[in-house]
Amino acid sequence: MRKFIAFVALVLVSMAATTVYAQQVPSDSVLHAVAVQALKENKFVVEADRLIFKQGDVAYVNSNTNFIKVDGEKGTVQVAFNNTPFAGPNGIGGITVDGRVSGVKVKESKRGIVTYSFNVQGSGISAQVFLTLNRGNNQATVNVSPNFNSRNLTLSGELVPLEESTIFKASSL
């Protein structure tokens with residue numbers, strides 16, 4: 001009988017913990033709606049946990065230091081590689097460039113995939129940026145295509161509103 005009571009208590013505690021956790025974590029559809037609203041307001045950050053280079057090589061990186069940020073008409077692209085012995089121009093092993101955002105275009109397909117494109121121009125960057133937000137969640141892929149060379153870079157991660165971001169911005173060029 002004691003084993004049965006202990007088992008019932010364990011099941012009830014487990015169910016209560018699952019219910020509390022489910023209430024705290026927003027669903028994917030809510031995250032998607034918040035991400036779409038952030039895109040429309042031009043105040044968002046794609047916190048990248050993966051970089052994909054031109055030849056298809058993949059680097060898993062820290063999402064706090066690898067990001068694309070848009071704040072109205074200002075944009076920032078920052079990449080910082082983990083485990084590098086070099087400080088890089090931004091002081092954390094990579095590069096940070098700021099620029100002015102222009103030519104913003106937002107489209108949503110019938111299937112719910114959102115595309116967002118813009119140009120960013122500054123002292124250290126001149127590029128076209130193409131963002132794709134997956135249907136039903138806040139996972140985004142961003143392709144940065146420089147205007148003066150063919151060294152495309154793709155970042156993949158979560159799109160979050162600017163005010164909810166946890167990024168660390170290093171020194172920019």
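Q: In this predicted model, is Ile 68 buried or exposed?

A: Ile 68 is buried, with a relative accessible area of 1%; the cut-off for that term is under 20%. This residue lies in strand E3.

Q: Which residues does Ile 68 touch, not counting residues up to four places away in sequence?

A: The list comprises Phe 44, Val 45, Val 46, Thr 76, Val 77, Phe 118, Val 142, Val 144 and Leu 155. A further pair illustrates separation along the chain: Ile 68 and Ile 167 are 99 residues apart in sequence, and their C-alpha atoms are separated by 9.9 Å.

Q: How many helices and strands does the chain have, and in what order do they run?

A: There are 2 helices and 9 strands. Read from the N terminus, the order is α-α-β-β-β-β-β-β-β-β-β.

Q: What share of the residues counts as buried, and what share of the contacts with a separation of 6 or more comes from residues 24 or more positions apart?

A: Of the 173 residues in the chain, 34% count as buried. Residues 24 or more positions apart supply 46% of the contacts with a separation of 6 or more. The accessible surface of the chain is about 10,400 Å², and carbon and sulfur atoms account for 56% of that surface.

Q: How should I read the buried residues of a helix?

A: An α-helix has 3.6 residues a turn, so residues three or four places apart point the same way. In this structure, helix H2 covers residues 28-41. Its buried residues are His 32, Ala 35, Val 36, Ala 38 and Leu 39. Viewed down the axis of H2, these buried residues fall within an arc of 160 degrees, so they line one face of the helix.

Q: Which strands do the buried residues of H2 pack against?

A: They pack against E1, strand E6 (114-121), strand E7 (126-133) and E9. As for the length of the helix, H2 has 14 residues and reaches 20 Å from its first C-alpha to its last, close to the 20 Å expected at 1.5 Å a residue.

Q: How should I read a salt bridge, and how many does the structure hold?

A: Side chains of opposite charge can pair when their charged atoms come close. The structure holds 3 salt bridges. One of them joins Lys 43 to Asp 71, with the closest N and O atoms 2.6 Å apart. Lys 43 lies in strand E1 (residues 43-53) and Asp 71 in strand E3 (residues 67-71), so the pair ties together parts that are 28 residues apart in sequence. Both partners are partly exposed: Lys 43 has a relative accessibility of 36%, and Asp 71 has a relative accessible area of 21%.

Q: Where do Glu 73 and Arg 100 lie?

A: The side chains of Glu 73 and Arg 100 meet in a salt bridge at 3.4 Å, N to O. Glu 73 is in the loop between E3 and strand E4 (74-80), while Arg 100 is in strand E5 (residues 94-108), and the pair links distant parts of the chain, 27 residues apart.

Q: What does Lys 169 form a salt bridge with?

A: Lys 169 pairs with Asp 98, their closest N and O atoms being 3.0 Å apart. Lys 169 is in the segment after strand E9 (153-161) and Asp 98 is in strand E5, 71 residues apart, and this pair also links distant parts of the chain. Lys 169 is partly exposed at 37% relative accessible area, and Asp 98 is partly exposed at 27%.

Q: In which loop does Asn 82 lie, and which residues is it in contact with beyond its neighbours within four places in sequence?

A: Asn 82 lies in the loop between E4 and E5, and its contacts of that kind are Tyr 60, Val 61 and Asn 62. From C-alpha to C-alpha, Asn 82 and Val 61 are 6.2 Å apart in space, although 21 residues apart in sequence. Asn 82 is partly exposed, with a relative accessible area of 37%.

Notes: Residues are numbered from 1 along each chain as its sequence is written. This is a predicted model: local features need pLDDT of at least 70, side-chain atom pairs count only at pLDDT 80 or more; totals for chains, interfaces and linings use all residues. Side-chain values use heavy atoms; hydrogens and water are left out. Helices (H or I, at least four residues) and strands (E, at least two) are DSSP runs, numbered from the N terminus. Buried means under 20% relative accessible area, exposed over 50%, partly exposed in between (1.4 Å probe, protein chains only). Contact means heavy atoms within 4.5 Å. Accessible areas come from the Shrake-Rupley method with a 1.4 Å probe; for residues, only the protein chains shown count as cover. A salt bridge is a side-chain nitrogen of Lys or Arg within 4 Å of a carboxyl oxygen of Asp or Glu. The expected span of a helix is 1.5 Å times one less than its number of residues. The arc is that of the directions from the helix axis to the C-beta atoms.
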